[in-house]
Amino acid sequence: AYKRFSELLPKEERENACSARVPKSHILTLPELRANPFQHRICHVFSTSETGDDSMSFEDFLDMLSVFSDSATSDVKSHYAFRIFDFNDDGTLDRKDLEQLVNCLTGQGEESRLNNAEMEQLIQNILEESDIDKDGTINLSEFQHVVSRSPDFARCGGLQR
Amino acid sequence: RASQQAETERLSRWKKWRRTSSKSLKKALSEVKGLSSYLVLWQRDIHSIEGKFGTGIQSYFSFLRFLVLLNFIIFILMFSFVTLPIIISESGIFNSTAAYISPKNIEDNCTIYEPSGNKGLVYFSAFLKDLFSGTGFLEMTSLFYGYYSVDAVGISIKGYDLPLAYLLTTFAYLALSFLWIIKRSGEGFMQNLVHDADPFQSYCNKVFAGWDFCITDPSAARLKHRSLHYELQMDLQEEKLKQKRAERTMKEKLQIYSLRIFINIIVIAILSGCFYSIYRVTVFSQENSSVSIRNDTGTDSVNLLVQYLPSMVITLANFIGPLIFSFLIRFEDYTPAFEIKLTLMRCVFVRLASIGVLLFSLLSQISDCGTDKCEPCGYNYKLYPCWESDVGQEMYKLMIFDFIVILAVPLFLDYPRMLLVTHCSCKLIQWFGHQEFGISDNVLEIIYGQTICWIGTFFSPLLPAIATIKYFIIFYIKKMVLIHVRRPAARPIRASGSNFFFLLVLLIGLILAFIPLGISIAHIPSSKACGPFRNFTTSWEVIPYKILQFPTGVQQVLFGMASEAFAVPFFMIICIIMFYFIALARAHKQVVEQLREQLV
């Protein structure tokens with residue numbers, strides 16, 4: 001893993017890679033992240049940079065890899081998935097977050113988005129299924145409950161090395 | 001990391017050593033695990049397919065790998081217990097001998113068996129013909145049942161009862177396949193159960209767990225986006241349709257139901273037409289495939305064609321059937337998900353039942369005792385002096401033809417179509433579009449081949465080897481087809497459900513294979529002219545004969561187990577245990593519901 005991290009750095013900083021930070025644009029060249037629609041969110045969630053430029057140090061990189069590996073527990077994975085899906089970082093998944101999530105899933109471009117009526121119906125269905133306290137948003141425990149019953153999450157939520 | 005370092009300084013030496021050794025052990029284990037992934041067959045290939053095309057198609061390829069392994073193990077089983085003793089005895093290593101006991105109390109007519117094996121040089125065309133039809137020189141090799149006419153093999157001092165070994169190995173490979181499939185489908189079944197128990201979870205499942213993080217290729221990502229979009233749209237549409245359906249009037253309901261019954265009758269009519277034609281073609285082929293004049297290539301090739309006629313008709317039925325079914329189902333107005341399932345079920349039925357019909361017609365020909373044809377021997381000894389080899393030859397021909405078709409379709413249909421679509425921009429051809437890689441069709445194809453292998457192994461012990469090689473080659477062909485020629489289907493199949501479905505259909509194929517095998521072993525008299533069961537009335541008789549040689553105590557126990565006094569209470573106890581588990585599951589479900597209520 002250290003090798004891959006140092007490959008992302010430009011040549012002159014490679015010796016002290018332990019303390020260097022890789023800018024976001026370089027992280028996005030990783031093959032696993034390249035095709036991922038949540039790439040920006042992933043970088044944002046795992047980055048601990050104070051300047052808010054979403055750059056990642058080696059520890060951040062390790063964190064990301066460990067969460068996505070096969071040996072991470074589903075608790076850890078669902079926790080991080082919740083943070084990734086929470087687009088406005090307010091601690092709950094409300095309607096706007098869900099809308100952005102669905103748009104990310106169906107692809108970029110106008111013709112690949114669901115129209116408004118379908119989006120409404122879909123979000124209504126999702127909230128019906130997962131919102132237990134009926135407050136119109138999904139908090140962390142509701143999310144973890146839903147995800148634990150879903151058989152596909154464990155399989156597809158991991159990057160195999 | 002800093003906190004970990006600070007902690008280690010505070011620990012004693014012993015604990016430090018323990019910690020470092022457990023760390024290095026973990027590292028070593030993970031290295032070994034990484035290396036062992038090289039040893040698993042095709043691990044890299046399947047991984048790259050998963051990255052490019054998603055887990056749905058990957059499940060097809062890992063299913064194929066499972067079948068290769070299964071066939072290989074069956075082959076090892078049959079080879080080591082059945083073929084190897086004969087080879088050892090013939091070559092005389094370890095001071096081995098082979099005992100041929102000539103059958104007593106049997107009419108001489110039954111034991112006449114002269115396979116037209118050519119000794120010496122043959123014409124190349126005759127060689128090819130024999131290779132493809134399993135007659136001629138192939139008939140007397142260890143490929144077919146007729147070779148195993150040995151009754152006992154003695155290796156040094158101990159005797160080895162070949163007929164018993166043959167029968168027991170057959171049961172062993174059937175049991176092994178059964179248990180292995182059930183074990184593999186165990187996990188998939190539990191997931192399916194959980195999934196079905198909460199049908200209202202499907203939206204959350206799709207949205208939160210829909211993205212396959214293993215995809216690395218941008219074009220595959222685009223594909224996944226499109227398929228997710230399509231799936232979500234389909235689900236929403238289905239929901240709207242359901243609401244509409246609930247509001248249907250009585251008159252409309254009546255109309256739809258009568259239309260469905262009518263279409264089902266059409267489907268049954270088509271199926272019976274197919275089966276009847278298979279029956280007639282088999283009878284025709286058996287009556288007309290006679291020994292031909294060696295020099296005349298013209299009649300030779302016609303003869304070959306006649307011999308392959310049943311396989312061709314079956315392949316035609318397997319090809320046309322699905323097309324007709326997917327056309328008809330549109331009129332039946334089911335939900336899209338149910339449509340897919342029903343069409344699939346009908347296709348499965350066509351494929352597996354056609355093998356059954358072929359075997360049934362063959363076996364009825366063999367035991368056709370109309371005009372005293374099988375007086376002394378119990379079977380039609382004039383036409384079929386060694387009928388097990390004949391059945392083995394039919395299975396061999398089916399397998400070879402299936403392999404040829406799988407090789408030919410990409411070469412002659414898909415590749416030109418792909419070339420046409422990419423280079424020619426005329427509207428008609430663009431409307432055809434790219435051929436899709438339909439997962440279900442491919443899966444049914446290989447399950448069909450596997451069923452043939454299971455049935456045929458009893459009659460032709462080296463058939464699993466051919467099946468292993470066949471599936472091995474098919475893997476690479478399908479991989480090439482997927483990458484270069486075809487596109488993945490627009491309608492995705494979810495990975496969690498599909499694995500279980502493949503194994504379920506495979507299990508159906510296995511159980512269907514039990515029926516003709518059971519009839520051949522237990523009901524039809526074994527041929528007296530060849531094979532290890534010459535001295536017994538039927539192949540099954542080896543076992544009672546052997547049991548009678550056991551000490552009396554063991555015999556009494558075994559007879560006791562088979563009698564009604566034991567079987568009925570045993571059956572009742574099993575029913576009670578089953579009801580207990582069902583009740584337990586129901587109680588658990590109720591507890592889950594209650595807990596859910598409490599959460600709100």
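**Close-up 1. An aromatic cluster in chain B of the predicted model.** Tyr60(B), Phe61(B), Phe472(B), Phe475(B) and Tyr476(B) are joined into a cluster by ring pairs (rings of Phe, Tyr and Trp, the latter by its six-membered ring, pair if their centres lie within 6.5 Å; planes under 30 degrees apart count as stacked, over 60 as edge-to-face and the rest as tilted). This is a predicted model, in which local features need pLDDT of at least 70 and side-chain atom pairs count only at pLDDT 80 or more, while totals for chains, interfaces and linings use all residues. Residues are numbered from 1 along each chain as its sequence is written, chains are lettered from A and ligands numbered from 1 in the order in which they are written, and side-chain values use heavy atoms, with hydrogens and water left out.

**Close-up 2. Aromatic pairs in chain B.** Over all chains, the whole structure holds 20 aromatic pairs. Trp387(B) and Phe459(B) make a tilted pair, 6.4 Å centre to centre with 55° between the planes. The pair connects distant parts of the chain, helix H13 (residues 387–423) and helix H15 (residues 439–459), its members being 72 residues apart (helices, H or I of at least four residues, and strands, E of at least two, are DSSP runs numbered from the N terminus). Phe472(B) and Tyr476(B) form an edge-to-face pair, at 5.7 Å and 70°.

**Close-up 3. Arginine charges over aromatic rings.** The charged end of Arg184(B) sits over the ring of Phe66(B), 4.5 Å from its centre (NZ of Lys or CZ of Arg within 6 Å of the ring centre and within 35 degrees of the ring normal). Arg351(B) lies over the face of Tyr448(B), 5.9 Å from the ring centre.
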